[in-house]
Amino acid sequence: MSGSDDVSGRRAEAVVRALRPYVAPPEEDEPPAGVASPAAPAPASAPGPGPGSGPAAGPVGEPVRRSLSVRPFLVTAGRVSDTDRLPLETQVITTTAGLDALPALTFEQHDIVAACREPLSLAELAARLHLHLNVVRVLAGDLRSAGHLTVHAPQADAAHDLSVLRRVIDGLRAVPDSRGLTRDNNRPA
Amino acid sequence: MTTTALPNPSASGAGRPPLPVKMVIAGGFGVGKTTTVASISEIEPLTTEAAITEVAAGVDDLTHTPHKTTTTVAMDFGVITLDPTLKLYLFGTPGQDRFGFMWDDLVAGALGGLVIVDTRRLDDCFAAVDYFENKGLPFAVGINVFDGNLDHDLDEVRWALDIPDSVPLVMFDARERGSVRDALLVVLELALQRAEEE
């Protein structure tokens, strides 16, 4: 296991292991309610028979627990994302080393490495895996340190880069509308 | 943590990823942000929605949108792959003020913003207009005319919103891909114009 030298990663894993027995697999496609930052956990996502457990969650007092009933700070072993946070659209890709290590990885780390065979943004990862965005940021940082992922931040000044803006405009003009017309042949005048 | 790639592309399973760029779709509750993203995204928009009865009953104003049963409590977003090297992400802002802490995250590095307004509730969009103005983000205001009713003319709306002439005001249909595309193009052309002037 090539990531075993990553002390912080291992610590996070140990905490996750201890927690997981309390967590039901997210079978239903119900969206997570955990939208709070680690500093301010949402009351609705707290474990327990709160209003966030849903109207069809079964008898009162026996809420269906979902993966996000684990507080985000537990999954990250108390760490929060660093100050220069990676943008939401940052692309994450699994390395071949990451694929090799996949059988040895567990839980969230396994899920992230498995999902990123194709480039994914941090936002897509968070949504697909039903994880809080900042949890994904921390774990992706761990996995990158271990060499399991590469992380490609967007070009910082893209908004002021004329060539990027022109490429986006040209690309968008070529997007057909529902009748198959692009912007360029849509305009008679 | 640095934000550059690990200097070993040969170790990567997939090579160089596409350049991601993003735009922000903002506006008040129930104006059609999610619909807008869904119309043009090539993926089913990834949305974290919870039924409004669960999380926000009595908090959100449903007076004017009585048939709306869900609202976006986190971010929802879509993707358009413009070419193999360029991906445009569209992020919808959280529908309620209490998720305002997420806005900085959404707006950092964005090419521009589209503020969607419903002319029945113009004041709902003021927060977004103010925010984009303060951030200096190029933005346009889009009037969603999905029900075909525009009760006011554009000049009246512009006056009511108190936005300067430099902010484009467009009518569009959030359900129609071509219409959403054209509204986004208005924003991008403004962004290009601004970048050229810099």
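Helices here are DSSP runs of H or I with at least four residues, numbered from the N terminus. By that rule, residues 107-115 of chain A form helix α4, and A:Phe107 belongs to that helix. The model is predicted. Chain A has eight helices and three strands, while chain B has six helices and seven strands. The points below cover each chain as a whole, then two helix pairs, then single residues.

**Chain A overall**

- Along the sequence, the elements of chain A run α-α-β-α-α-β-α-α-β-α-α.
- Chain A has 189 residues, and 50% of them count as buried.
- The accessible surface of chain A is about 8900 Å². Carbon and sulfur atoms contribute 56% of that surface.
- Among contacts in chain A with a separation of 6 or more, 68% are between residues 24 or more positions apart.

**Chain B overall**

- The order of elements in chain B is β-α-β-α-β-β-α-β-α-β-α-β-α.
- Of the 198 residues in chain B, 56% are buried.
- Chain B has an accessible surface of about 8400 Å², with 52% of it on carbon and sulfur atoms.
- For contacts in chain B between residues at least 6 apart in sequence, 71% link residues at least 24 apart.

**Helix pair α4 and α6 in chain A**

- The axes of α4(A) and α6(A) are 10 Å apart and meet at an angle of about 75°.
- Angles of 65 to 115 degrees count as roughly perpendicular, and α4(A) and α6(A) are therefore roughly perpendicular to each other.
- From α4(A), the contact uses A:Glu108, A:Gln109, A:Ile112 and A:Val113. From α6(A), the contact uses A:Leu139, A:Asp142 and A:Leu143.
- Sorted by class, the residues in this contact of α4(A) with α6(A) are four nonpolar, one polar and two charged.

**Helix pair α1 and α6 in chain B**

- Helix α1 of chain B spans residues 33-40 and helix α6 of chain B spans residues 177-197. Their axes lie 8 Å apart, at a packing angle of about 105°.
- α1(B) and α6(B) are therefore also described as roughly perpendicular to each other.
- On the α1(B) side, the residues in contact are B:Thr36, B:Ser39 and B:Ile40. On the α6(B) side, they are B:Arg177, B:Val180, B:Arg181 and B:Leu184.
- The contact of α1(B) with α6(B) comprises three nonpolar, two polar and two charged residues.

**A buried threonine in chain A**

- A:Thr90 sits in the loop that runs between α2 (72-75) and β1 (91-94) of chain A.
- The relative accessibility of A:Thr90 is 0%, so this residue counts as buried.
- The side chain of A:Thr90 comes to 2.7 Å from the backbone oxygen of A:Pro87.
- Apart from neighbours within four places in sequence, A:Thr90 contacts A:Leu120, A:Ser121 and A:Leu122, as well as A:Val151, A:His152, A:Ala153 and A:Pro154.

**Positive phi values in chain A**

- A:Phe107 is not a glycine, yet its phi is positive, near 50°. A:Phe107 has a relative accessible area of 29% and is partly exposed.
- A:His130, also not a glycine, has a positive phi of about 55°.
- A:His130 is placed in the loop between α5 (122-129) and α6 (133-145) of chain A. With a relative accessible area of 14%, A:His130 is buried.

- B:Met171 is part of strand β7 (residues 169-172) of chain B. The relative accessible area of B:Met171 is 45%, so B:Met171 is partly exposed.
- B:Met171 and B:Val145 are 26 residues apart in sequence, with their C-alpha atoms 6.6 Å apart.
- Setting aside neighbours within four places in sequence, B:Met171 makes contact with B:Ile143, B:Val145, B:Leu150 and B:Leu154.
- B:Gly136 falls in the loop between α4 (126-135) and β6 (139-144) of chain B. A relative accessibility of 41% puts B:Gly136 among the residues that count as partly exposed.
- The C-alpha atom of B:Gly136 is 9.4 Å from that of B:Gly112, and these two residues are 24 residues apart along the chain.

Notes:
Residues numbered from 1 in each chain as written. Chains lettered and ligands numbered in written order. Predicted model: local features only at pLDDT ≥ 70, side-chain atom pairs only at ≥ 80, totals over all residues. Heavy atoms only, no water. Axes fitted to C-alpha atoms, helices over the stretch in contact; angles between N-to-C directions. Parallel < 35°, antiparallel > 145°, perpendicular 65-115°, else oblique. Contact = heavy atoms within 4.5 Å. Nonpolar A, V, L, I, M, F, W, Y, C, P; charged D, E, K, R; others polar. Buried < 20%, exposed > 50% of the residue type's maximum accessible area, 1.4 Å probe, protein only. Polar contact = N/O pair within 3.5 Å; in protein donor to acceptor, adjacent residues only side chain to side chain. Areas by Shrake-Rupley, 256 points an atom, 1.4 Å probe, with all protein chains shown as cover.
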